[in-house]
Structure formats: C-alpha cells, structure tokens
Amino acid sequence: MKLLEDRIRKDGIIAEGGVLKVDCFLNHLMDVKLFHEMGMEFKRLFKDKPINKILTIEASGIGIACVVAECFDVPVLFAKKSQSINLSGEVYSTKVQSFTHKRVYDVVVSKKFIGPEDHVLIIDDFLANGCALQGLIQLVQEAGATVEGIGICVEKGFQDGGRIIRETGIQLESLAIVDAMDPATGEITFREQ
Ligand code: 5GP
C-alpha cells in the first residue's frame, strides 16, 4: 500500500536490533485517517470472507483493529496480556514471547466472547517473528472458531514470521513489507506486491 510505504519512508525511524519505530503515526500517536485507508484496504483484500469478528492483542493492535472493525461492521475482541492466569476455566489462554519487550506473556480471551460460530480476522500493527500471531491463531483454534485471515500493517520480511504463517495456508495480507532497512543510511526497501 503506497500510502503506508510513503509514510514509513517519511516518518519511520530505524532503531537498533531490527526495530522500526513508527510511533508518530501507528502505535503511539495514531493517524486515524491513515487507519481508515488501511481499514478500507483490508476490507477490499478480505471481501470474500464471512468475517464476523476482529481479533487483536493489546496494546498496540487495538487502535487499528477498531478502525478495521468499523469498516467490516463487526466487533473487536482484544486478547489481554495477563500477569496472573485465571484458572477457573473462563478463559482461553496461551503464551506469547514479546519481540519488543523480550519476555513471555500469558495471553487470554474470555470464553464468553469467542466460540465455534465465529469467523475471525486477526489484525495487528506489526509482524516480526510471528509469536504474537501464532498465539492469537491458537486462541481462535482453542475456541473452535475459524481464522478467515490475518491483516498486518507492517511486516518485517527479514524476520521469519511471515514465511511461517504463510506456510500454514492462512491468507496473510501485509500492507507494507520491509525487506531491508539500513540504520546507517536510513534506507528502507519494501517488497513489491
Ligand atoms: P512478533 O510476535 O511477530 O515477533 O512481534 C509482533 C509484535 O511485536 C507486534 O505486535 C508489535 O507490537 C511488536 N513489534 C515487533 N517488531 C516491531 C518493530 O520493529 N517495531 C515496533 N514498533 N513494534 C514491533
């Protein structure tokens, strides 16, 4: 999506450790007009899927997921990162290794809000190693629901997550795929798609 690629080139900051900072429009300060354009693009890419729920993970997926949900006219469920796992059987839970925070979280969703009748589009801001997405896919499967697709704003194509998820056969659409970024020159190379 050219609009997003242009914005990443203009405002993205290449940090150490393969981290791309886009907090001035995507995951801290949020450009909701851009979010709307991304939402409409996801709507176009998944137009043939019977999606009735959006699933994301807190915190930085929630903003974009809400705007996407409005485009699809469906509710958003966000998976919570939990410190103390609820053992009473009211939640589906999985463990996720955080790329940015270098730690493992328990991630939960209430059994009240997802079940076999659900056709889910998973939305997140970033895809790196794919741990967050694999956790979300596991939660959907545990609930007996169907993953209809995955929509990502920025995929880092030089990490393995995209390849691993595509190998599962799930439709994964990333609006911008960064294949290389050079902290010395600031140059960012996007995959043609
Ligand atoms: P993964 O689980 O795919 O390794 O990482 C996905 C999560 O880590 C995303 O939800 C995002 O919040 C965060 N993340 C991974 N890489 C980056 C990055 O380069 N920049 C930013 N801002 N967040 C990232």
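A polar contact is a pair of N or O atoms within 3.5 Å; within protein, one must be able to donate a hydrogen and the other to accept it, and residues adjacent in sequence count only if both atoms are side-chain atoms. The model is predicted, with local features requiring pLDDT of at least 70 and side-chain atom pairs pLDDT 80 or more, while totals for chains, interfaces and linings use all residues. Residues are numbered from 1 along each chain as its sequence is written, and side-chain values use heavy atoms, with hydrogens and water left out.

A backbone N or O atom of Ala132 is 2.8 Å from an oxygen atom of the ligand. A polar backbone atom of Cys131 lies 3.1 Å from a ligand oxygen atom, and an N or O atom in the side chain of Asn27 is 3.2 Å from a nitrogen atom of the ligand. Of the 510 Å² of accessible area (Shrake-Rupley method, 1.4 Å probe) that the ligand has on its own, the protein covers 90%.

Buried means under 20% relative accessible area (1.4 Å probe, protein chains only). Among the buried residues of H3 are Ile64, Val68 and Phe72. Just after H3, Asp73 has a positive phi of about 60°.

At Tyr105, the charged end of Lys81 sits over the ring, 4.9 Å from its centre; the criterion is NZ of Lys or CZ of Arg within 6 Å of the ring centre and within 35 degrees of the ring normal. Arg103 also lies over the face of Tyr105, 4.2 Å from the ring centre.

Conventions: Buried < 20%, exposed > 50% of the residue type's maximum accessible area, 1.4 Å probe, protein only. Helix = DSSP H or I, 4+ residues; strand = E, 2+ residues; numbered from the N terminus.
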